[in-house]
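Reader: I am new to reading structures, and I would like to work through this one slowly. Could we take the ligand, then a pair of helices, then the backbone?

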Amino acid sequence: MTTLKAVRGTRDLLPPETALWNRIEATARAVFARYNFGEIRTPIFEDTGLFARSVGEETDIVSKEMYTWEDRARAQSEKPQSLTLRPENTAGVVRAYIEHKLGETGQLQKLYYIGPQFRRERPQKGRYRQFSQIGAEVIGPPSAGSESPLRDAEVLEMLATLLDELGITGWTLEINSVGSSADRARYNEVLRAALIPVAAQMCGDCQRRAVTNPLRVLDCKVAEDQAIIDALPKIADSLDGESKDHFAAVTAALDKAEVPYTRNYRLVRGLDYYTRTTFEFTHGGLGAQNALLGGGRYDGLSEAIGGPKAPGIGFAMGEDRLVLTLLAQESAVPQVLADAYIAPLCDEKKPDVLVLVSATALFLARELRRQGLRVELGDGSFRLKKSFEAGNRTARHIVILGEDELESGILTVKDFASGIQTKVPRAELAAFLSQPSGEPAGDSTS
Ligand code: HAM
């Protein structure tokens, strides 16, 4: 029989690496709390139309990367609903904002999320078909200040703080402005005209985009096309006065807050909902998939999916890429050792005693765990040598529980780091095991 494996582009995450994932998520939650964000959890699948209308029909994500299927119709007369595993979370958050009438609070909504997203891309290092994003959105009615450039700068400053607190060094922030939707429409036409004489020399995707959605040409990664793309007109020259002023206010705030950035005129991002500020944080250590995170402003998104005017700005970090970067920096995730390995030991010719010793070991483990210690429970069938080997692999101390210890209530504890063996009364065991390794206390016997 063929063995079943995780589906291409999906992965199992195992300890000790999962400890790193948890640390990243805990740090993100702590930073988001300091900036007064609350958590939102939206469904993992949505109506397909949501992504077509927000991310955009012509984008790579919607046109070729979504996991879409037809649900069973509820009644024979009904058309089956088309459903899609979410390829990103901004559309779902804005749908929830509209559905729950969050705009009617008159407040700015500051929402963060952590969870899996799905895109049928070609898997490679840092690019998976199921990946996890840590993202946040700031959205609200214009009266709540949602259009203010200060919101953009605050989000970017928060990201710089978060990456620093995660211990990620050497990141680069690239920013751009794609202007209002009118600016973008104007630029699209300028690009369309500029592409006519050169498109034939470009890759197949670019030739198609030059006609359907010229802006997407700027996303092209094909090496031979780069010189042509660099010579195309820049979006900065198509921005109106308001968009230029908005962008100038964002960069002025970043300068004042000492957040370093570089301007990248080609950063238009692969999703259609962006307006004005767009940004990416990249990291040189990631290889081809070098974007740690991406985001931007989406002032027309709510209206595009049938909601009220609700400008917003947000980002999503690729959690898989944060992990890769930290692993490369730290080289290995240290294994977490238990505080104690409890070894029930007994002469195998005395099965009654073995049952009693094992049962007492479980009770002792229960007592210690209730006091907050990390405890590994051994097995009564193990001999002394096997217990020591298992203990040494998993814990800082081994606690021997044999017939003698059962009677006396005094346990033999060995600290693996120092090699010191100590007799410890049961009532003092938790306190003893809580001490850092290699610092013996009490009555050392060897
Ligand atoms: P995005 O640029 O498509 O934006 O994705 C954000 C980040 O998710 C990327 O920078 C990358 O780190 C990670 N990512 C994307 N695809 C994959 C993949 N296949 N495997 C691993 N990581 C991946 C968005 O998703 C927008 N919703 C961001 C946003 C929020 N804009 C405004 N608000």
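Author: A polar contact here is a pair of N or O atoms within 3.5 Å, and please keep in mind that the model is a predicted one.

Reader: How far is a nitrogen atom of the ligand from a polar backbone atom of G314?

Author: For a polar contact, the pair of N or O atoms has to lie within 3.5 Å. The pair formed by a polar backbone atom of G314 and a nitrogen atom of the ligand is separated by 3.4 Å.

Reader: How much of the ligand's accessible area does the protein cover?

Author: Taken on its own, the ligand has 650 Å² of accessible area. The share of this area that the protein covers is 96%.

Reader: Which element gives the most residues to the shell around the ligand?

Author: The shell holds 27 residues, with E88, E121, Y128, E137 and Y274 as the closest, and it divides into 12 nonpolar, 8 polar and 7 charged residues. Two or more residues come from each of β6 (130–139), β10 (291–297) and β11 (312–318). The element that gives the most, with 6 residues, is β10.

Reader: Is helix α2 roughly parallel or roughly perpendicular to α4?

Author: Two packed helices are described by the angle and the distance between their axes. The axes of α2 (residues 48–56) and α4 (residues 90–99) come within 9 Å and cross at roughly 105°. Since angles of 65 to 115 degrees count as roughly perpendicular, α2 is therefore, relative to α4, roughly perpendicular.

Reader: Which residues of α4 do L50, F51 and S54 in α2 meet?

Author: The residues of this contact divide into 3 nonpolar, 2 polar and 1 charged. On the α4 side, L50, F51 and S54 of α2 meet A91, G92 and R95.

Reader: Where does K101, with its positive phi of about 50°, lie?

Author: Most residues other than glycine have a negative phi. K101 is not a glycine, yet its phi is positive, at about 50°. Its place is in the loop between α4 and β5.

Reader: What is omega at the cis peptide bond that joins P15 and P16?

Author: Most peptide bonds are trans. P16 lies in the segment before α1 (17–34), and the bond joining P15 to P16 is cis, with an omega of about 5°.

Technical notes: Residues numbered from 1 in each chain as written. Predicted model: local features only at pLDDT ≥ 70, side-chain atom pairs only at ≥ 80, totals over all residues. Heavy atoms only, no water. Near = heavy atom within 4 Å. Polar contact = N/O pair within 3.5 Å; in protein donor to acceptor, adjacent residues only side chain to side chain. Areas by Shrake-Rupley, 256 points an atom, 1.4 Å probe, with all protein chains shown as cover. Helix = DSSP H or I, 4+ residues; strand = E, 2+ residues; numbered from the N terminus. Nonpolar A, V, L, I, M, F, W, Y, C, P; charged D, E, K, R; others polar. Axes fitted to C-alpha atoms, helices over the stretch in contact; angles between N-to-C directions. Parallel < 35°, antiparallel > 145°, perpendicular 65-115°, else oblique. Contact = heavy atoms within 4.5 Å.
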